[in-house]
Amino acid sequence: METELTLKVPPSALERVRSHPMLAERAQGDPREHHLTDTWYDTPERDLWKHGLTLRVRNDNDSWVQIARTASSLHRRGEWESALPSGQPQPELLARQVKPAELARLLADPGLAGRLEPVFLSSTRRTTWDIALPDGRQLGCALDAGDIACGDRHAQFSELELELERGDPAELFELALALHEDIPLELGGASLAARGYAMLTDEPAPAVKAEKIRLGKHMTLEDAYRCIGLSCLRQIEANLPGVLRKDVESLHQMRVGLRRLRALVDMFEKLAAPPEAIREGLDWLSGELGAARDWDVLAGGTLDHVKGIDPAALRTAAQDKANALHKQLLHTLHAPRYTVLMLQLNGWLRGRQWRADGALPGKSPLAGRATRGLLPLLCKAEKRLARRIKALDPQDAPARHKVRIAAKKARYAAEFFHDLLPGKRTRRYTSRLSDLQDRLGTLNDFAVADRLLDGLAAGHGQVPRQASWVRGYLAAVGESGGQELAKPLKRLVKLRITRQR
């Protein structure tokens with residue numbers, strides 16, 4: 001399975017990429033020019049897309065080839081192809097190559113070819129280079145500029161695609177970072193196929209929740225760290241298109257992915273500390289996303305708890321604040337700093353760049369089995385939560401927030417390693433932590449609302465009056481909620497997942 005990176009290129013910068021000296025210096029031979037016409041096929045019921053597979057027939061200089069691809073990951077995709085005598089797809093020719101078996105059976109179905117129909121097409125001018133890497137391998141580099149058409153609807157695209165079949169993926173992301181220093185590139189986000197299918201239905205992709213992490217019992221702790229980190233990163237990247245559409249739930253899920261990644265980095269701080277640039281980038285992005293999300297929660301959630309008045313004017317004012325911050329967030333996610341951070345994170349995790357001189361010390365816990373190495377990490381999270389609970393004054397909002405963060409990190413730790421832990425006890429443990437998080441989360445929303453409303457309470461008029469009233473109401477409800485925390489907190493002090501293993 002190849003590692004692939006797609007970067008958006010401003011149309012005005014296409015010629016700068018084609019003539020970039022770095023590509024000229026590293027290329028083996030002159031660049032090659034192609035004119036590609038691709039037609040994507042699927043059944044009327046969209047069976048291929050529903051199974052996470054795409055099938056297209058490409059015409060390249062009067063030769064035909066069909067290409068099947070998985071659509072499950074932004075940077076890791078399975079791809080298989082076979083030559084064709086004409087432009088008519090023959091999916092059964094690909095069935096022997098394709099993995100997993102479920103997809104192979106789908107393509108091998110004798111009735112599939114007769115049900116396929118063209119769904120959209122693209123026309124592309126492609127410039128390709130074979131880039132030589134220091135270890136003698138080659139990295140494929142393709143600059144595409146063209147048009148995707150679905151019926152009467154058209155969309156232009158211009159992007160740079162880097163592909164590495166085998167070897168260290170860090171090389172791919174380092175090349176992208178070097179090019180980004182000269183040319184303003186952005187992460188590609190949705191694939192060309194995903195954009196075509198979106199044009200078919202006119203429905204944007206939904207927000208993407210955290211995927212279930214699959215860990216093997218014989219996996220090393222380093223492999224587990226990398227696997228978990230990439231899962232968190234995929235959730236962040238997959239929600240980018242939705243956040244750029246100003247979708248509230250996509251922003252929430254992007255923040256969840258970021259919180260999970262920051263919790264993982266904190267958990268592995270002594271084993272695989274990232275460079276300061278990555279740490280600072282994560283803190284920066286968290287702050288940028290958090291500002292808009294706070295106003296979303298106030299307008300779309302916290303004000304629903306208010307009884308006694310209809311805070312309609314206040315809700316409108318809060319929604320206006322949220323909308324302004326969503327608009328501002330577009331500049332953040334189009335900024336070079338965001339692209340650099342995502343490329344650095346991918347290089348860090350995919351290239352295992354925490355290794356000194358390319359190898360782990362023999363006694364490093366990262367080199368041992370994850371089933372052993374996870375215990376100290378989980379114990380640390382449990383003890384931190386217990387300490388904060390024991391020292392907590394339930395009426396102290398900042399202290400409650402610290403307990404909430406500790407509970408969240410303990411739950412994430414258990415969910416990360418779920419496959420390697422006792423199932424029943426882990427579910428009970430994460431369920432109780434989730435319940436505590438919900439309670440503390442509501443109280444934290446009230447505390448955040450108080451801070452936000454403070455800026456709306458000054459002056460005269462309906463909005464300031466409602467803001468002052470709501471602040472008082474939420475303060476009273478929050479005080480009552482703090483008093484109700486005693487029992488659930490007491491149960492959690494003694495709750496452990498690491499006992500009797």
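## The chain as a whole

The protein chain has an accessible surface of about 23700 Å², and 50% of that belongs to carbon and sulfur atoms. Accessible areas come from the Shrake-Rupley method with a 1.4 Å probe, and for residues only the protein chains shown count as cover. This is a predicted model, in which local features need pLDDT of at least 70 and side-chain atom pairs count only at pLDDT 80 or more, while totals for chains, interfaces and linings use all residues. Residues are numbered from 1 along each chain as its sequence is written, and side-chain values use heavy atoms, with hydrogens and water left out.

Welcome to the overall build: the protein chain contains 18 helices and 10 strands. Helices (H or I, at least four residues) and strands (E, at least two) are DSSP runs, numbered from the N terminus. The radius of gyration of the protein chain is 26 Å, close to the 23 Å that the globule rule gives for 501 residues, so the chain is as compact as a globular protein of that length. That radius is taken over C-alpha atoms, and the globule rule is 2.2 Å times the number of residues to the power 0.38. Along the principal axes, the C-alpha atoms of the protein chain fill a box of roughly 75 × 60 × 50 Å.

## Inside and outside

Of the 501 residues in the protein chain, 50% count as buried. Buried means under 20% relative accessible area, exposed means over 50%, and partly exposed lies in between (1.4 Å probe, protein chains only). Among contacts in the protein chain with a separation of 6 or more, 71% come from residues 24 or more positions apart; contact means heavy atoms within 4.5 Å.

At 1.5 Å a residue, the 18 residues of helix α8 should span 26 Å, and its end C-alpha atoms are 26 Å apart, which agrees. The expected span of a helix is 1.5 Å times one less than its number of residues.

## Aromatic pairs

The structure holds eight aromatic pairs. Rings of Phe, Tyr and Trp (its six-membered ring) pair if their centres lie within 6.5 Å; planes under 30 degrees apart count as stacked, over 60 as edge-to-face and the rest as tilted. One of the pairs is Trp49 with Tyr197, which is stacked at 4.2 Å centre to centre, with 10° between the planes. Trp49 lies in helix α3 (residues 47-50) and Tyr197 in helix α7 (residues 192-201), so this pair ties together parts that are 148 residues apart in sequence. Trp49 is partly exposed, with a relative accessible area of 29%, whereas Tyr197 is buried at 4%.

Tyr412 and Phe416 also form a stacked pair, at 6.2 Å centre to centre and 20° between the planes. These two are four residues apart in helix α15 (residues 397-416), separated by about one helical turn. An α-helix has 3.6 residues a turn, so residues three or four places apart point the same way. Both Tyr412 and Phe416 are buried. Elsewhere, Trp40, Trp49, Phe120 and Tyr197 form one aromatic cluster.

## Two buried polar residues

Arg69 sits in strand β4 (residues 63-70) and is buried, with a relative accessible area of 11%. Its side chain makes a polar contact of 2.5 Å with the side chain of Glu4, and another of 3.5 Å joins the side chains of Arg69 and Glu163. A polar contact is a pair of N or O atoms within 3.5 Å; within protein, one must be able to donate a hydrogen and the other to accept it, and residues adjacent in sequence count only if both atoms are side-chain atoms.

Ser250, in helix α10 (residues 248-267), is buried with a relative accessible area of 1%. The side chain of Ser250 makes a polar contact of 2.7 Å with the side chain of Asp247. Leaving aside neighbours within four places in sequence, Ser250 is in contact with Ala207, Asn239, Gly242, Val243 and Arg245.

## Backbone details

Most residues other than glycine have a negative phi, and most peptide bonds are trans. The peptide bond from Lys99 to Pro100 is cis, with omega near 5°, and Pro100 is placed in the loop between β6 (79-84) and α4 (101-108).

Asn61 is not a glycine, yet has a positive phi of about 55°; Asp62 is not a glycine either, and has a positive phi of about 70°. Asn61 is found in the loop between β3 (53-60) and β4, and Asp62 is found in the loop between β3 and β4. Asn61 is exposed at 56% relative accessible area, and Asp62 is exposed at 70%.
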